Structure formats: C-alpha cells, structure tokens
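Let's work through a few exercises on a ligand site together. Have your viewer ready, and try each task before reading its solution.

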Amino acid sequence: MDGQTLTTIERASAADVDRAVAAARRAFDDGRWSRMAPAGRKKVLHRLADLIEKNALELAVLGVRDNGTEIGMALKAEPGSAAGTFRYYAEALDKVYGEIAPTAGDVLGLVHKAPVGVVGAIVPWNFPLMIGSWKLAPALAAGNSVVLKPAETASLTLLRLAELASEAGMPDGVFNVVTGQGSVAGEALAMSMDVDVLVFTGSGGVGRRLLQYSAASNLKRCYLELGGKSPNIVFADAPDLAQAAKVSAAGIFRNAGQVCVAGSRLLVEDSIHDDFVAELSKHAGAMTVGNPLDLNTNIGAVNNLPQLEGNLGFVTKAVEEGAEIALGGGRVMEETGGYYMEPTVLTGVQPQHNVAQNEVFGPVLAVTRFKTDDEAVQIANSTQYGLAAGVWTSGLSRAHRMVRDVQAGVVHVNTYGGADGTVPLGGVKQSGNGHDKSLHAFDKYFDLKTAWMQL
Ligand code: NAD
C-alpha cells in the first residue's frame with residue numbers, strides 16, 4: 001500500500017516443503033487428527049472460528065497491510081468469511097455417512113468415506129484467508145493433514161491462522177504453512193510424491209503446470225480454481241437500472257478488481273447503453289481510491305507493481321484496438337509509493353479485443369453492446385473462461401434461459417457477487433474443475449473405499 005517493505009518471510013526450499021509434507025504424513029498416519037472422534041475435531045474447528053472472530057481486526061489489518069484490500073471489505077471477506085467457513089464444515093463433519101450397498105444376502109458391501117491423507121493447498125494473494133479457509137476447513141474437517149503455500153505477497157494472515165489453529169488445540173503437524181516462491185516451494189509441493197490431493201486457486205498458467213507436475217510425480221488429483229472474464233449482462237427490462245448500475249460498479253471495482261468473479265465484461269442492451277454506462281460511471285467515479293486502511297476507501301491498492309503495469313497495459317492496448325476510455329484509465333496516488341489505479345470504464349470494446357478475451361484482474365471494465373438475447377449469449381460465451389456471470393432482467397423466462405445458456409459456474413440474477421457458503425463456487429471451461437464452498441466441496445477431501453465381505 002506504500003511500496004515499503006512490511007516484513008520479511010521465510011523463502012522455503014524444496015527440502016523445507018518435503019519436511020512439512022513428512023510432518024503432515026506422520027500426523028495423518030498416527031491418527032492424532034484423522035482418527036480423532038468427529039466431536040473432537042468439531043470442537044477444535046469451532047474454537048478456531050472463535051479465535052478468528054476474536055482476532056478479526058488484527059487479521060484484517062495484517063491482511064490489508066500485506067495485500068492492499070480495502071479494510072471494510074477485508075473485515076467481511078477475510079476473517080468474517082473464514083470464521084463462517086470453519087463453522088460450516090465443523091458442523092458438517094459429523095453428518096458424513098458411508099453406505100451399505102444393496103447386495104445379495106450372502107455378502108455385505110460397505111462404502112466408506114475415508115480422508116485422502118495429505119492435502120497440498122496453493123492459494124493466491126487476493127483473499128488469502130477466505131480462499132485459504134475454503135480449502136483448509138473442509139480438508140481438515142474430513143480428517144486430512146494439510147500443507148498450505150500462500151502467495152509470495154500475501155502470506156501473513158495464513159501464518160497467523162496456523163498460530164491460531166495451534167491455540168485452538170489442533171495437534172502439531174496437521175496444518176502446516178510453507179511460505180516462499182511458487183516456482184520453488186509451490187513446485188516442490190505439487191511435485192511431492194507424498195501429497196495425495198492438490199487444491200489450487202490462481203492463474204490458468206500455473207494451473208496448467210500443476211497438472212504437468214502431477215503427471216510427472218504421483219498422479220495426485222488436482223482441483224483447479226482459475227481465472228475468469230465474467231460477463232455481466234444488462235437488459236433494458238432490468239427491474240431497477242439505477243441499482244443495476246450501482247451493484248455492477250461494485251461488482252468490478254471492489255478490491256481494485258482483484259476478484260476472481262469480478263464482472264469485468266459489461267454487456268449492455270443497445271437501447272439503454274449510453275444512459276446505463278453514464279450511470280455506472282457516475283457510481284464508479286464516486287468510489288474513493290485510497291489508503292486501504294481508511295474506512296472511507298472503496299478501492300484499495302493493486303497488490304504489486306507488475307500487476308499495476310499489466311492493468312495499464314490492458315488499457316493502452318484496448319485504446320489501440322479502438323476502445324474509448326469513458327472513465328479513469330491511469331495510475332493515481334503515485335506519490336504514496338503504493339500501486340493505485342482509477343476505476344476504468346472502456347466503451348466500444350469488441351468481443352475479440354484483448355481486454356474482452358483476457359483476464360485483467362484489475363479495476364478495468366470492458367463494455368460491449370448487444371441487441372438480442374442470442375447475441376448476448378454468444379458474446380458472453382466467447383471467451384475461454386466460465387467462472388461467473390450476471391443477468392439483469394425482470395423477465396422470468398429470460399432469466400432462466402440465460403442461466404441455462406450462459407456458460408459459467410455461477411450466474412447471478414438481478415445482483416452481482418455475494419453468494420454465501422451454502423452454494424458451490426467453481427468454474428467451467430478454462431476457469432477450472434474444482435468447487436469450493438458448500439457440501440459439494442467436501443467430496444474432494446474424501447476417498448471412497450469399498451469393503452466387500454462374504455458372509
Ligand atoms: P498465480 O497463479 O500467479 O499464483 C497463485 C499461487 O500459485 C501462488 O501461491 C504462487 O506462489 C503459486 N505458484 C506460482 N507459480 C507456481 C509454480 N510453478 N508451481 C506451484 N505454485 C506456483 O495467481 P495470483 O496472481 O496469485 O492470483 C491471481 C489469479 O488467481 C487470477 O487469475 C484469479 O482469477 C485467480 N483467482 C481465482 C479464484 C477462483 O476462485 N476461481 C479466486 C481468486 C483468484
């Protein structure tokens with residue numbers, strides 16, 4: 001947030017990662033957590049949620065100083081959501097039953113749900129505590145041990161979480177954090193012969209590598225939550241266009257656009273295009289870019305300089321390709337030493353333009369007109385991604401048709417963002433193959449094991 005060094009952290013080597021994995025394996029094999037009665041695991045996870053709540057302000061400030069998210073959002077999205085996630089899976093863990101198969105009478109077929117063993121988790125910098133907890137809570141609730149590698153630029157809250165887990169009574173070796181570079185510590189975790197399942201949130205490029213590492217090592221199962229280029233489609237019959245404009249602005253610009261499900265492509269019906277863009281730009285222009293620790297700030301810092309330069313590069317290229325800047329477009333507050341960017345609205349973006357096809361992961365909105373439902377769907381589906389989408393309409397049939405036809409893991413209707421932990425979050429196409437949140441996320445952390453018994 002000010003370009004200054006906040007602290008230094010350990011740059012784990014491959015050998016450090018191997019030691020963490022070995023500790024996790026020992027903890028799993030001796031049953032100190034994996035065979036603890038579910039009620040015991042539940043108690044520890046609830047205590048951890050209590051401690052997250054008790055230390056919420058400290059965690060939020062620590063995270064903001066580390067990664068630049070505005071504090072108002074960080075409080076809610078980071079400790080707030082992490083505590084809820086631990087409680088959700090703490091409550092779920094003793095409601096998981098195996099099955100008795102409908103066999104002939106002289107055999108008994110039992111299907112056990114067994115924890116997978118050692119889970120490796122690699123997470124990004126935008127919401128480390130929230131996303132980390134989406135992996136950790138179900139993995140730990142299921143009885144697994146975990147080795148987690150945070151992003152280089154956002155490790156502190158997850159290190160603190162490990163301390164809190166210990167304070168909550170989680171046995172040593174069950175939850176391990178290794179900090180360091182993706183290309184060293186991350187690669188070592190993904191290449192480990194002793195990690196059974198790898199869960200990842202981050203970019204498509206790294207996701208591809210993880211699949212290669214899996215193939216080159218022990219064929220560990222990989223669940224990838226990747227990027228998005230999510231279309232937010234506004235029809236002229238939206239129930240409240242002013243509200244749609246306000247929510248759509250927040251849906252792209254909060255956390256400086258560093259949100260995987262950000263509605264980064266705005267598709268607007270031709271007849272309302274100019275008025276709607278003006279209304280949205282009014283809201284965006286009124287959002288305060290500023291010190292992320294200031295409660296009045298709506299848009300905090302961009303996480304790092306290469307990311308900021310990438311954001312600005314997208315704007316330059318969009319203009320070269322024929323788009324117009326309706327709002328923003330530049331770096332601001334450079335004198336602070338931090339990396340800040342104005343909310344930026346680009347109009348006249350064509351579906352094939354670079355900024356419409358590729359994820360910016362910054363406060364840049366690409367606006368495209370459409371005339372018919374079919375055209376809206378066709379543009380919405382014209383990227384490699386399929387993470388999230390939004391549809392604004394008062395037509396019930398139209399809403400259902402759009403939910404059916406738009407290729408995305410989540411389609412918001414007359415809202416954008418904010419889906420809670422009861423529903424899964426995951427993509428289709430090149431947005432990945434794993435789901436976080438809800439009971440569906442639990443399945444990744446169990447193996448099915450059959451017992452076939454002759455009676
Ligand atoms: P990134 O892919 O660069 O890094 C993610 C993590 O992978 C980091 O911990 C990094 O150290 C590690 N890593 C990097 N190289 C590695 C390697 N060779 N081997 C193993 N690990 C390696 O992503 P980022 O820049 O931190 O985050 C932004 C990306 O994350 C965006 O694409 C965004 O859309 C995506 N994201 C997706 C979701 C989702 O739920 N789908 C949520 C948040 C962010």
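**Exercise 1.** How far is a nitrogen atom of the ligand from an N or O atom in the side chain of Tyr213?

*Solution.* This is a predicted model, where local features need pLDDT of at least 70, side-chain atom pairs count only at pLDDT 80 or more, and totals for chains, interfaces and linings use all residues. Residues are numbered from 1 along each chain as its sequence is written, and side-chain values use heavy atoms, with hydrogens and water left out.

Step 1: the distance for Tyr213 is 3.2 Å. Step 2: turn to Glu225, where a polar side-chain atom lies 3.2 Å from a nitrogen atom of the ligand. Step 3: for Ser203, a side-chain N or O atom is 2.5 Å from an oxygen atom of the ligand.

**Exercise 2.** What share of the ligand's accessible area does the protein cover?

*Solution.* On its own, the ligand has 840 Å² of accessible area (Shrake-Rupley method, 1.4 Å probe). The protein covers 91% of that area.

**Exercise 3.** Which residues come nearest to the ligand, and what classes make up its shell?

*Solution.* Step 1: of the 29 residues around the ligand (a heavy atom within 4 Å), those that come nearest are Val123, Glu152, Ser203, Leu226 and Glu359. Step 2: sorted by class, the shell holds 16 nonpolar, seven polar and six charged residues.

**Exercise 4.** Why does the ligand lie between domain 1 and domain 2?

*Solution.* Domain 1 (14-226 + 432-454) and domain 2 (231-413) both give residues to the shell, so the ligand lies between them. These bounds come from an automatic or database domain assignment.

Technical notes:
Polar contact = N/O pair within 3.5 Å; in protein donor to acceptor, adjacent residues only side chain to side chain. Nonpolar A, V, L, I, M, F, W, Y, C, P; charged D, E, K, R; others polar.
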